[in-house]
Structure formats: structure tokens, C-alpha cells
Protein chains: 2
Amino acid sequence: MSTKKNLLVGQSGGPTAVINGSLYGVVSEGLKKTDEIGHVYGMVNGIEGFLNDNYMDMKSLEETNELELLRTTPGAFLGSCRYKLPEELDNEVYPTLFQKFEALDIGYFFYIGGNDSMDTVSKLSRYAEKVDSSIRFIGVPKTIDNDLVETDHTPGFGSAAKYVATTVREIATDASVYDNKKSVTIVEIMGRHAGWLTAASVLARKFEGDNPVLIYLPEVAFDQDAFVAKVEEALKTTPNLVVCISEGINDGKGTFICEFASEVGTDNFGHKMLTGSGKYLENLVKAKLGVKVRSIELNVCQRCSCSMLSSVDLNESINAGSYGVHAALAGETGKMITFIRHRSQPYELSYGTADVNIICNEEKPVPAEWIINEGSDISAAFVEYARPLTQGHVELPTKDGLPLFAYRK
Amino acid sequence: MSTKKNLLVGQSGGPTAVINGSLYGVVSEGLKKTDEIGHVYGMVNGIEGFLNDNYMDMKSLEETNELELLRTTPGAFLGSCRYKLPEELDNEVYPTLFQKFEALDIGYFFYIGGNDSMDTVSKLSRYAEKVDSSIRFIGVPKTIDNDLVETDHTPGFGSAAKYVATTVREIATDASVYDNKKSVTIVEIMGRHAGWLTAASVLARKFEGDNPVLIYLPEVAFDQDAFVAKVEEALKTTPNLVVCISEGINDGKGTFICEFASEVGTDNFGHKMLTGSGKYLENLVKAKLGVKVRSIELNVCQRCSCSMLSSVDLNESINAGSYGVHAALAGETGKMITFIRHRSQPYELSYGTADVNIICNEEKPVPAEWIINEGSDISAAFVEYARPLTQGHVELPTKDGLPLFAYRK
């Protein structure tokens, strides 16, 4: 019987363009540490799948090209879950899980994800302490929302920000072809509680005063009348106006703007029709100003497109994974890997760890001083913060003209 | 006074990712022909802008980097219009236009666009014949819809097809992360009357039976009950099902599927709510099968994203423009530039011209024999046709991590 312990890694929550980059970091570093680590296992569909004994040996990926392909494959290669562990550590699921860990001789546990995944790492590490288990639990951050505390930013944000900025620039170009007619294009961007990704749309501007002229985040209470007045004013100088809004814009009293659209009726099958904030504002502007308006919901490609990968983001995501392996081997547990920025120009970063118990219970909003013009614009300080994270092009492996992805056979 | 005539070029209709490639082809070739061509002018906002004396000297672009940037700039650099010339050639707009042509000493007129733009070229060339004008009128094709007759395919289709196939592959990857739960993702793709672009989603499949499992085009009557049965059957083998539909799917009797959703009620401002075909089918599947369903409308990036440019498409678009200049100088008028395919493997193409009067009055649907499985799938013959058009990566000029676009100052 070997004294080497095995490694177990899983992915959880919504996917990003680079969550598999972090998986690549953990797995490739784990496979390299042959003196200290035995097998490298992957949970299929996270902790929920693992509870059903659904896991795989990651060494098999080395035999094909799949491990290398992982780096640029969006989505979650291992599959994800939204399973939340019970609050009470005396729930029976904990001994069940730890028996399974023991059966597989797990010494190192990695969970790649956002807030909820860090909650899983927190609970498992606290249970381990309680039962005096020596398994080390490490969280590897991942979220396009960029809302985790204790870290300068999160893996996944840079590429999503680049996708949003590029796409908004393309949409603005498209919107301007009929510049002899007034029009408003409202772009709805992901982010329920934090506006980081929507703020990144400011990077799309080619010159001062360029589209998107107006940008609204959930951090500031949204006033519908003030919004219409801003749009009317902006149309005077920008006939083809582009406005970016977070899906989570709200009235500051707990009501999302999209909830104001609750009277829209039912669909053919008797279900209440749901409308996004963008659609609601489209109708509002149309009714109040009588101009041509369209709203565009950026779809799931915000989180899963690999066409606009930032090489800075991808490299940091991979490094977060491999740094995690080092931290675990050095004895750390109950920690999340963090990014520490030393300067923005030239950009300089190092890696660290922070207590996962703090991280899982907090959310980091965009700082109030970065939101300007009565909540309708983003400051230069944000641009300085975000721009380094979107740099660098990643060449994608392709086949027959399309990007080649790794997938579980 | 010079005996050289001047060149006038405009863009019309919806933009594509490569319509500026054709503009680059016309302008750069025109500027090279210094023995035969004087000035190269661009109409701003097409024929409508030109009627208001809105045009620019394109030589100014050579002085900056803008002419080279045009190649990879999406949208319509000169601006577009949807102006339709009157049917009656004795309308007063014709002499007005021709006086303006004469004042600018125009000898060569180029219009880059789809069906409606070819209608403009047809009318102007017929009027020229009537009044014995020597101005030569040439149409340069452009449409992501690929629905023009007399040409193997149209500039813009290849890049849009590549965008659709790549995005659907990414969406399928995203949809599969919770593969322990059944789900249906419906992707709505542009195309009111012709399903070429939706058919291109078949290229997203990584292996036989892969998503998108079901594909529906407007060329075949859409039966809602048969659709629900196909979805139910497909879910048995593909728990995370992706279905692609054209926005223009219809019942075969003139009613679009989205029109069946006419009972959804009014918005907060008393306007009738409009729902797309994807949203309608989302509600239908939810009601009939009770599974998790979401619908995604691919937004305007289908036609304006430069992130997935096909170099084959871009080169052909540029060549279509420069070939047009050669055709005009050789004396042709009332013609559209056409693509003639000699073989698919290896792909071989040459350029030609065809009577614009035939083209502007017809639409080319996807051949019936390429639509298989009771209208729910696309044949291998389509794949052989479409794949060569999506090949080759185009490196984009960038600045600060984002693509750099040309724009009118």
C-alpha cells in the first residue's frame, strides 16, 4: 500500500470560458507530482455526482490529446452541479462523503467554482477539522461575476469582460449603419448583484463620447424617469445610442426592474410571461420617446465563448489550479487561491491564499467611486483595473474550420 | 478636363462581417486603376444619402490606416439605407440622380448588398439604357442569408455560418454541464425565408448524433405535434438536447410559428407583446413535456461579429469587389458578380457575372433533398457544400486587447 495520497477535483456552478483552464492546472500539476500524489480523480457533476460514485481517472486524458485541449475548451469538462451541502455538520451526508474519500484514499480535494462552491469547501474543511481528518480542501475561484472578496479579481472575468467589450463594440458598429435615423439599442449583460461584467462594456469605447454612452449597474438604485431623461439627452449627440445594463438593475429597495413588467400577461399555455430588464426598458423608451428601440440579451456565450479568450485570464486560471496543488502539498486547507495585484502598468500579479470561510459569505460590489454621472457611467479607474485582464490573444486549436473542444467520451 | 471617369460605391441593406471587405475590394482596385479611373467616391448611407449629397472621397482613407482596417471591420463603413427606388422609371428621382452622377462625372457605379440592392442596380441600369447614359452599374453581392440565385453562394454567408456553428457548439458545451438533468435548449437563428444559416448549425456536431440533434428550416412546413414528438424521442438519448430553428419557420400555409403566440397580451404600456418562434416553442415544450427549456436568440452578432471570420469568405468578398471593377472597366453593366464553384474538395472557385434583373426578383431556398428526416435534419451534401466556405482563421488587428475597427470620423 502506497503512502501517497490521491487527488480529487471537481467543478461546480455555472461554467466559464476558462474553468477548464483551472482544471488543467490542477490535473497537470497533480500528475507531475508523482512523488507525493498517486491518482488524480475527477468528480463527474461535482460533489453531487461523486455521491453517486461518478468519477473518472484523469490520467486517461494524457493518453489522448484531451488534456491539452482542456485549456481552451469552454463549459465544464467534468460536468457541474448546483448541490448545496447542508448547514448542519452533523447531517449524515458528511460521514457518507468522507467514507467515500477514504475508500479512494483521497488526501487532496479541489473544488473549482464561485461563492457556492467555496461554501462547499468551507463546510468540508470544517467537518474535516471536527473529525480530525487530514484531507486538505482547497477552493479554486471561478466566476465571470468577479464578485469574490479577498482576491483582486477572479478567473473567468477577464475573458468574459473581453467578450462583452468586443461584442458591444460590434453591436455599436451594427447599430450605426443607419445613422441617419435615431435609434436606441439596449444591451442586457449578466450580473444579478454585482455589475463588474456590465462595467466592462466601457472598454468598447473607441473615443471619448463613443458608445456605449450610458452604462447602468445593480450597485446604484435605478430611477426610470432619470433614465429616460438621460437617454433623451444622449440622443441629441449620439443618434444611434447604445445603452448597457446589468440584468440585476433594481430600484434600490429590493425590486428588480424586470419585475415592474409583471403585468404583461400569460403565454398561450397559461404561464406568466417573464420579461428581462432590457425588454422592459425597450418598451419604456418606446412609449416615452417614440424612437426606434431594440433590446439585445447577450446570451450564454458571455460565459462560454472561447472566441475572445484573454491570454492573461487563461494563464492566471491555469496558474490558480497549479498554485492550489502547491498550497495543498504545503499543508494548507480551508483556503481559496487568491490573486494579488502589485501594479496595473505594467501589470504584475502574484498568487496567495485566503480563508475560504470569509469568502463564501460575502460578495464584492463595484466600488461606489467607480460609478459616476449619477450612476450612468464608469470611471477611468475601472478601465485601468479591468484592461490588463483582457489582454492577449489565444490561438485556438481548430478542425474543419471550427474550434476543437475536449469532451468526455 | 480629364477623360477619366469617376467611381461611386455604396452599401445597402443589413450589414455583414465582410461587407466592408467588398468595399475594400472596390476602393483599393479603383484607386489602383489610375489610368482609367479618376476619383473614388463613397455614398454615405447608400443611394438615400447620395440623394442628399452625402458622399466622401475614399482616397482620404489611404492617408491613414483606415483602408487596411476596412478589411476586418464589421458593419457598413459607409452607412447603409433601406431606400427602394420607385418601380416607374419615369419617376422624377431618376433624372435627379443622374444629374448628380453627371455633376460628379461618374462612370462606374457599384452597389454592395442583397436582393433589394440588386433591385436598385437593375432599375438604375435600365434607366441608363433608356436615357442612353454610358454609366456602368455593377452589383456586388452581400448577404448572410445566402439566398441569391445565379451564384454558388454569397459573400458574408461563410463567416456567418462559421459564427453560427461555433456558437452553437459553445452553447451545446454550456448546456451539457448539468448532464444529470434533462434539458432542452432552443437556438433561434436568422433567416426569414431561406434556411441556409440555420442549416450551418449542423457543422457544430463533433460526432454523429451530437448536438444540435434537431434542425428546422423555413423551407419545410413546421408541424408542432411532430416537433414535440421528435423532441421527446431525442431526449431519450440526448439528455441535454439542443434544437436549432430558423426565425422564419412556418406552418407551410403562410403563418410564421411566432404568430401562433399572438395571444400573449400587452406590455405595461399597452402594446402587444411580440414573441419569437424560439420563445413560442420554449413555452410549447415546457407545457407538453414538462422538462427544463430555455430559448436563445442569436443576436445581431450573427451578421456583425468579426471574431469568427472565415478567411475564405473574406478573401472572396474582397475579390468580388475588385472583380467588379474589372468587369465595369471591361464594359459590363446591369450585372452582379457571381461565384462559380468548380469543386468542393479541394475547393476551387472562379468569378463571373450574371444579369442583375434575374437576381433581384428571385430567392434561392435550401434544396429540398438536403433537408432530411421529415424536415428535422440536414444532409451530408449540405455539409460538403458549406464547410469549405467557413475555413481559415483571420488574425484581427487589435488595440488594448480589443479588435480595432475603421470608422468614419
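A:Glu29 is buried, with a relative accessible area of 10%. The model that shows this is predicted. The partner of A:Glu29 is A:Lys32, and the two form a salt bridge with their closest N and O atoms 3.4 Å apart. A:Lys32 counts as exposed, at 58% relative accessibility. The bridge therefore joins a residue under the 20% cut-off for buried to one over the 50% cut-off for exposed. Both residues sit in helix α1 of chain A, which covers residues 19-32. They are three residues apart there, which means a separation of about one helical turn.

Side chains of opposite charge can pair when their charged atoms come close. Over all chains, the count comes to 44 salt bridges. One of them joins A:Lys59 and A:Glu62, with 3.0 Å from N to O. A:Lys59 is partly exposed, with a relative accessible area of 43%. A:Glu62 is partly exposed as well, at 41%.

A:Lys123 pairs with A:Glu87, and the closest N and O atoms are 3.1 Å apart. This pair links distant parts of the chain, 36 residues apart. A:Lys123 lies in helix α6, residues 115-130. A:Glu87 lies in the loop between α4 (66-70) and α5 (93-103). The relative accessibility of A:Lys123 is 0%, so A:Lys123 counts as buried. The pair also belongs to a network. Salt bridges with shared partners join A:Lys84, A:Glu87, A:Asp119 and A:Lys123.

Next come the aromatic rings. The structure holds 50 aromatic pairs over all chains. Take B:Tyr41 and B:Tyr55 as one of them. Their ring centres are 5.5 Å apart, with 80° between the planes. That makes the pair edge-to-face. The two tyrosines connect distant parts of chain B, 14 residues apart. B:Tyr41 belongs to strand β2 (residues 37-43), and B:Tyr55 to strand β3 (residues 55-57). B:Tyr41 is buried, at 11% relative accessible area. B:Tyr55 is partly exposed, at 35%.

B:Phe101 and B:Phe109 form a further edge-to-face pair. Here the values are 5.5 Å centre to centre and 65° between the planes. Both of these phenylalanines are buried.

In chain A, rings gather into a cluster. A:Tyr41, A:Phe50, A:Tyr55, A:Tyr94 and A:Phe98 are among its members.

A:Arg71 lies over the face of A:Tyr24, at 5.9 Å from the ring centre. B:Lys206 lies over the face of A:Tyr407, at 5.2 Å from the ring centre. This second case leads across to the other chain.

How many residues of each chain are in contact with the other chain? The count is 73 residues of chain A and 73 residues of chain B. About 5700 Å² of area is buried between chain A and chain B. Carbon and sulfur atoms give 58% of that area. Six salt bridges run between the two chains. One bridge to look at joins A:Arg387 and B:Asp400, with the closest N and O atoms 3.5 Å apart.

A:Cys81 is in no disulfide, and the nearest cysteine sulfur, that of A:Cys360, is 16 Å away. A disulfide needs the two sulfur atoms within 2.5 Å. In chain B, B:Cys360 is in no disulfide either, and the sulfur of B:Cys81 is the nearest, 16 Å away. A:Cys81 counts as buried, at 1% relative accessibility. B:Cys360 counts as buried at 11%.

The last stop is A:Ser183, found in strand β6 (residues 183-189) of chain A. A:Ser183 is buried, with a relative accessible area of 8%. Which residues does A:Ser183 touch, not counting residues up to four places away in sequence? They are A:Ala175, A:Leu235, A:Pro239, A:Asn240, A:Leu241 and A:Lys292.

Note on methods
Residues are numbered from 1 along each chain as its sequence is written. Chains are lettered from A and ligands numbered from 1 in the order in which they are written. This is a predicted model: local features need pLDDT of at least 70, side-chain atom pairs count only at pLDDT 80 or more; totals for chains, interfaces and linings use all residues. Side-chain values use heavy atoms; hydrogens and water are left out. Buried means under 20% relative accessible area, exposed over 50%, partly exposed in between (1.4 Å probe, protein chains only). Rings of Phe, Tyr and Trp (its six-membered ring) pair if their centres lie within 6.5 Å; planes under 30 degrees apart count as stacked, over 60 as edge-to-face and the rest as tilted. Helices (H or I, at least four residues) and strands (E, at least two) are DSSP runs, numbered from the N terminus. A charge sits over a ring if NZ of Lys or CZ of Arg is within 6 Å of the ring centre and within 35 degrees of the ring normal. Contact means heavy atoms within 4.5 Å. Buried area is the accessible area (1.4 Å probe) that two parts lose on being put together, summed over both. A salt bridge is a side-chain nitrogen of Lys or Arg within 4 Å of a carboxyl oxygen of Asp or Glu.
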